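Please look over the sequence and the structure before reading on.

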Amino acid sequence: MRVRPPAGLAVVGILGGAVLLVPFVALVAGVDLTRLPGLLSSPSALDALGLSLRTALTATAICLVIGTPLALVLTRLDFPGRSFARSLVLLPLVVPPVVGGIALTEAFGRRGLIGEHLQLLGIDIAFTSAAVVMAQVFVSLPFLVVALEGALLTRGEAHERTALSLGASPLRTFLTVTLPLLVPGLVAGLVLTFARALGEFGATITFAGSLQGTTRTLPLQVYLERETDPEAAVALSLVLVVVALVVITVAYGRRDRRRDDRQTGARA
Amino acid sequence: MTGWRAGAGTALDCSVVVPERGVDVTFTVDEGQTMALTGPNGSGKSTVLSALAGWLRPETGHAQLGDRTLFDEHTWIPARRRNVGYLTQDPLLFPHLTAEANVAFGLARAGVVGRRNRRDVARDWLGRVGVGQLASRRPGEMSGGQAQRTAIARVLASGPELVLLDEPLSALDAQVVPQIRELLAEVLTGRTTVLVTHHEADVVALADAATTIPAPPPSA
């Protein structure tokens with residue numbers, strides 16, 4: 001039997017839910033279903049959708065490759081300033097994305113700290129699809145790192161210690177024990193990372209610009225259509241909402257199921 | 001090569017001093033014997049096992065296992081090179097592996113070469129600890145007693161020169177404790193072992209000698 005909150009609180013709580021939900025209801029209501037197929041299959045919409053999926057998937061893969069070691073370093077390696085380093089990782093989560101875009105430009109733009117030297121080598125990042133991916137990695141990497149840190153800290157290191165005491169090398173321990181045990185945290189983290197990358201707007205438009213087929217991702221296309229064809233903007237927004245819903249269902253549905261399983265197990 | 005080297009025990013001579021935990025313990029274990037460490041909570045029993053396992057470096061002290069120095073002021077052999085088996089009250093089976101794969105995990109160290117050999121040795125061990133029929137089960141599908149039996153097989157199959165047992169029976173249902181205790185008495189015969197326990201019955205059934213660690217002084 002759960003302890004119910006006081007009745008007054010429940011009313012305010014329902015209001016809070018409405019604040020979150022009403023805009024989405026309005027969005028769905030605003031879609032003209034008869035025009036939807038046409039709006040979604042225009043060349044510019046398809047370009048934007050294709051680019052968004054390609055770049056967001058690439059960014060997610062990069063986050064996996066660099067974010068997993070980063071989470072391990074932050075949780076399993078003792079070094080001075082570790083807790084400060086852990087909070088620095090959260091910086092892209094809390095600064096406005098447009099600030100992230102400006103920071104990326106200062107670093108990798110044509111006259112940037114590193115971009116200047118890359119330019120001499122003939123490598124130009126700003127205003128390319130690579131810049132889109134970099135902006136997405138920058139804003140979404142913290143999601144993966146935070147999810148993995150949580151998974152690593154909750155589980156502790158007892159299984160890894162067992163593996164080492166059975167004579168396994170650190171690499172074998174990582175590959176055969178740490179990684180498999182991280183899979184649930186990884187899946188949840190990757191789904192959120194992908195969703196954040198797919199929705200990235202501010203850093204992308206600042207650092208990568210808005211060039212159809214090259215840097216104009218779906219959120220940028222929505223913003224552009226809003227000026228010229230609001231109905232198309234609504235239709236494209238709906239696509240992003242549907243993707244987000246799928247993502248939430250996958251990431252949080254799993255977690256809730258596990259929690260329910262545990263509670264049932266405790267009662268049994 | 002079977003990996004069961006029963007009787008291959010080695011004498012242990014150890015001293016562990018960790019002032020910040022109020023731990024100062026010295027004892028020896030004769031070859032193939034089991035030493036029980038008893039004492040109140042906080043007396044440092046588990047600290048001693050952590051030092052022997054290689055998880056905690058004591059401020060001063062030493063441990064000599066046969067002709068090998070596990071640690072002293074100049075030496076520190078990392079856990080994975082110690083050949084020391086560690087069993088706790090939590091079996092800590094790898095949840096994504098079957099019972100057979102769990103036991104096979106440590107067989108490389110025991111010198112068992114080849115996948116098929118490792119499978120055969122793992123199955124032998126599972127049979128020996130009474131869970132031979134569970135070879136393809138994962139830990140989530142086992143009872144606490146079955147999991148601890150599998151963990152016992154895993155740690156002994158890896159051919160440790162020293163076995164550390166940290167309250168190995170304290171998380172089990174009361175009705176299976178006598179059976180697992182009997183199993184431990186059987187498989188530990190001839191192995192150099194350090195057993196940490198709160199229970200007199202464990203000392204009587206499993207140990208050849210006992211050392212009581214006093215409670216740390218209140219200031220520690």
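A salt bridge is a side-chain nitrogen of Lys or Arg within 4 Å of a carboxyl oxygen of Asp or Glu. By this criterion, the count between chain A and chain B is 0 salt bridges. The model is predicted.

**Where chain A meets chain B**

- The contact involves 17 residues of chain A and 16 residues of chain B.
- Together the chains bury about 1,600 Å² between them, and 68% of this area lies on carbon and sulfur atoms.
- Within the area that chain A buries against chain B, A:His159, A:Ser165 and A:Leu166 supply 38%, more than any other three residues.
- Polar contacts are present between the two chains, with a count of 4 residue pairs (both at pLDDT 80 or more).
- Helix H9 (158-165) and helix H10 (170-199) of chain A are the elements that give two or more residues to the side of chain A that touches chain B.
- H9(A) provides the largest share of that side, 7 residues.
- By residue type, the side of chain A that touches chain B comprises 9 nonpolar, 6 polar and 2 charged residues.

**Nonpolar cores**

- In soluble globular proteins, nonpolar side chains tend to be buried together.
- The largest nonpolar core here has 39 residues, of which B:Trp125, B:Ile152 and B:Leu156 touch the most other members.
- Elements of chain B that give two or more residues to this core include helix H3 (115-128), helix H4 (144-157) and strand E7 (162-166).
- The largest share of this core, 7 residues, comes from H4(B).
- A second, separate core has 27 residues, among them B:Val18, B:Val25, B:Met35 and B:Leu164.

Methods: Residues are numbered from 1 along each chain as its sequence is written. Chains are lettered from A and ligands numbered from 1 in the order in which they are written. This is a predicted model: local features need pLDDT of at least 70, side-chain atom pairs count only at pLDDT 80 or more; totals for chains, interfaces and linings use all residues. Side-chain values use heavy atoms; hydrogens and water are left out. Contact means heavy atoms within 4.5 Å. Buried area is the accessible area (1.4 Å probe) that two parts lose on being put together, summed over both. A polar contact is a pair of N or O atoms within 3.5 Å; within protein, one must be able to donate a hydrogen and the other to accept it, and residues adjacent in sequence count only if both atoms are side-chain atoms. Helices (H or I, at least four residues) and strands (E, at least two) are DSSP runs, numbered from the N terminus. Ala, Val, Leu, Ile, Met, Phe, Trp, Tyr, Cys and Pro count as nonpolar, Asp, Glu, Lys and Arg as charged, and the others, Gly among them, as polar. A nonpolar core is a set of buried Ala, Val, Leu, Ile, Met, Phe, Trp, Tyr and Cys residues joined through side-chain atoms within 4.5 Å. Buried means under 20% relative accessible area, exposed over 50%, partly exposed in between (1.4 Å probe, protein chains only).
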